[in-house]
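The exercises below ask you to read one chain of a model and its contacts with a partner chain. Try each task before reading its solution.

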Amino acid sequence: MKKIFVLLVAIMLAGCNAQSEQEEVDLSSLSWDDITETASGETVRLYMWGGDPGINSYIDDYAAPALKEAYGVTLERVPLDTNEIIQKLETEKRANQDEGTIDLIWMNGENFKRAKEGELLFGPFTEEIPSYQEFYQADDYAYDFGTATEGYEAPWGKVQFVFNYDAARIDNPPSTLDELESWVKENPGKFTYPEASDFTGNAFVRHVMLGEAVEAEELLGEPYAPLEEEQAAAMWDYLNGIEPDLWRSGETYPSSLEELDRLYSQGEVWMTMGYNEARAESLVRDGIFPETTESFVLEDPGSIGNTHFLSIPYNSPNKEAAMAAIDFLLSPEAQLEKLKPDYWGESSPIDIGSLSEEERAGFEELDRGNTVLDAEVLAESYLPEIDAGYVEWIESEWRNEVAAD
Amino acid sequence: MKKKLFYISCLIFFIVPVLLMLIKSVTTPWRSGVDLDWTSRGWEVVFQDSRVIESMWTTLLIALAVALINLLAGVPIAKALSHRSFPLKNTLEVILLLPLFLPIMAAAMGLHITMIRMGLANTWLGVTIVHLVPTIPYTIKVLKAGYDRIPQDMLSQGRMLKAGVWQAFRTIELPLLIPSIRSSIFLAVTISAGQYVLTAIIGGGTVLTMPMIYYPFLQSADDTVMAAFSIAFVLIPAAAIIIAEAAAMLVAGRSFMKRRGEV
């Protein structure tokens, strides 16, 4: 017993030693050349959700070898849900572990808020990233769901909310909330949306909120403030109004987007929805969605879009290499590859105006696939995200106002 | 009649679902009005991540280590609970079951801090230890039931014939316990191999087990890939059982073989 105790103490002491050796990276005294020099030969571990074969192969098959060539940095993708990543960092912070295992995190919105408030992030670092400086409009990415980014995360991708429908069954998809309402009434049982606790379901309800309760302009860039009672009543009235004509008469809702997609895939409902305007492309290609699937957005109130970002944790063991990786992943070359439907097919937050003519042509002429709407249609209907506080409010109120009665 | 019923229920509850899953893994998702198409995509996605094979080995080794520790700890505890009487025995039995009622996330967070301090976070040893939380209660329960079936007289007889503790265990207890040991290995292995949250938090992504790669794919409507992953996953407990049986044969020798014929 005594021996075991001594052993445990020894292990603990060893752990403490390892922690105090942590080097501090002082960005102000480092030039980009210094950074890339240190980065070369290092390994960067990118922790990210791993449930999409297209995204995974973009990282494994394209980004990892290309980054190796550009900076001599090895990129290793570690599949882990964002919630668990933040959880892990929070505990490491509490245990004062300064030498972690994560170098890069992919996240946005609520997770970023939690990470930033918990001081789990390294930075501000975006000022140091050459491709961010050159190709991105910093003003566009000053806020992430209402939380100031302040250089703690670099924009990696951009998605916009679209509805997917089966063109074999629907000739003219609705273009406003009112039209959607009458469509639902004419086609009972053929529409539903995921519960408000689901990421996508919540976004659908936010569209109703912006259409029925408040004007989007009033909320943009503003912190969360409770809605007036009549405003809130208007949006719940809308949702309760369509409820009897939803799938299964609205007695139950799909608990996740995956369930709604499955209903759509089986032809039970005729519409589904989701962030990423190009998401239907691979689902159609793989035979999960019908070949006649197309997309639409609501012109009124519009379509909410958001950006997702890359961050470096406070205890990343290879911060320089992580910055080199971010510089590469934000470069026009890597962003164009990401836009191609073969891999990920996702839109780029890059400022097209800052690119050379040749690069710009690459972005503009790329065919993203039949299910993806034209860039102008998407741009016209674009609405930025509102404060993350509304997400929580909708989650708790929707249950009482819509699901319960 | 009884036998017929057994075969029919086997067919309905085990064989048909497995067959369906096998077919699903090589066809495009099923939809009314659309013809089925064969596809190798499901299996391509499974092996797209070059670390899948490696992760299956990691999962298997951790699961076997968990099963072994379970038996080493479970047998003496089960014997004490079954054949000895001491104060507060029932209370102790309940306490040993409690980890099963604890939300797994709460356990993971509390243990994570301890693991970091002990230097066991992000190591396979840490993951193995943390997998004991959801497995040991079952092992104790199963083995205790096994010991309950061994009459005290039989153990006393062995002692009267001057058998040592080890000899008594090998020649009397072990052969009689084999069915319980087999069940507890099976339980420990399948539970350990299926852990996502505990492995994710304590292993921190460094210890890549099969669920780390497989679970994110459950969040999609892609039945083909899910079916392929599920079948690949079944290989792990199957392999573990074969290894455990082989090891048991080596340890228990011929008595085990004979027992097996009778059970």
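Helices here are DSSP runs of H or I with at least four residues, and strands are runs of E with at least two. The model is predicted.

**Exercise 1.** Determine how many helices and strands chain B has, and describe its overall dimensions.

Solution. Step 1: counting the elements of chain B gives 12 helices and zero strands. Step 2: reading from the N terminus, the order is therefore α-α-α-α-α-α-α-α-α-α-α-α. Step 3: along the principal axes, the C-alpha atoms of chain B occupy a box of roughly 75 × 60 × 35 Å. Step 4: of the 263 residues in chain B, 35% are buried.

**Exercise 2.** Take the UniProt feature "transmembrane region" in chain B and examine the spans 60-82 and 121-140.

Solution. Step 1: the unreviewed UniProt entry places this feature at residues 5-23, 60-82, 94-115, 121-140, 185-214 and 226-252 of chain B. Step 2: residues 60-82 of chain B are 100% helix and 0% strand, with end C-alpha atoms 31 Å apart. Step 3: residues 121-140 of chain B are 80% helix and 0% strand, and their end C-alpha atoms lie 26 Å apart.

**Exercise 3.** Describe the side of chain B that touches chain A.

Solution. Step 1: 30 residues of chain B contact 33 residues of chain A. Step 2: α2 (41-48), α5 (104-118), α10 (197-203) and α11 (210-214) of chain B each supply at least two residues of that side. Step 3: α5(B) gives the largest share, six residues. Step 4: sorted by class, this side of chain B holds 13 nonpolar, 11 polar and six charged residues.

How values were computed:
Residues are numbered from 1 along each chain as its sequence is written. Chains are lettered from A and ligands numbered from 1 in the order in which they are written. This is a predicted model: local features need pLDDT of at least 70, side-chain atom pairs count only at pLDDT 80 or more; totals for chains, interfaces and linings use all residues. A residue is buried if 20 or more other C-beta atoms lie within 10 Å of its own, exposed if 12 or fewer, and partly exposed in between; C-beta atoms are placed from the backbone. UniProt positions are given in the numbering used here, feature names are shortened, and annotations may be inferred rather than shown by experiment. Two residues are in contact if their C-beta atoms, placed from the backbone, lie within 7 Å. Ala, Val, Leu, Ile, Met, Phe, Trp, Tyr, Cys and Pro count as nonpolar, Asp, Glu, Lys and Arg as charged, and the others, Gly among them, as polar.
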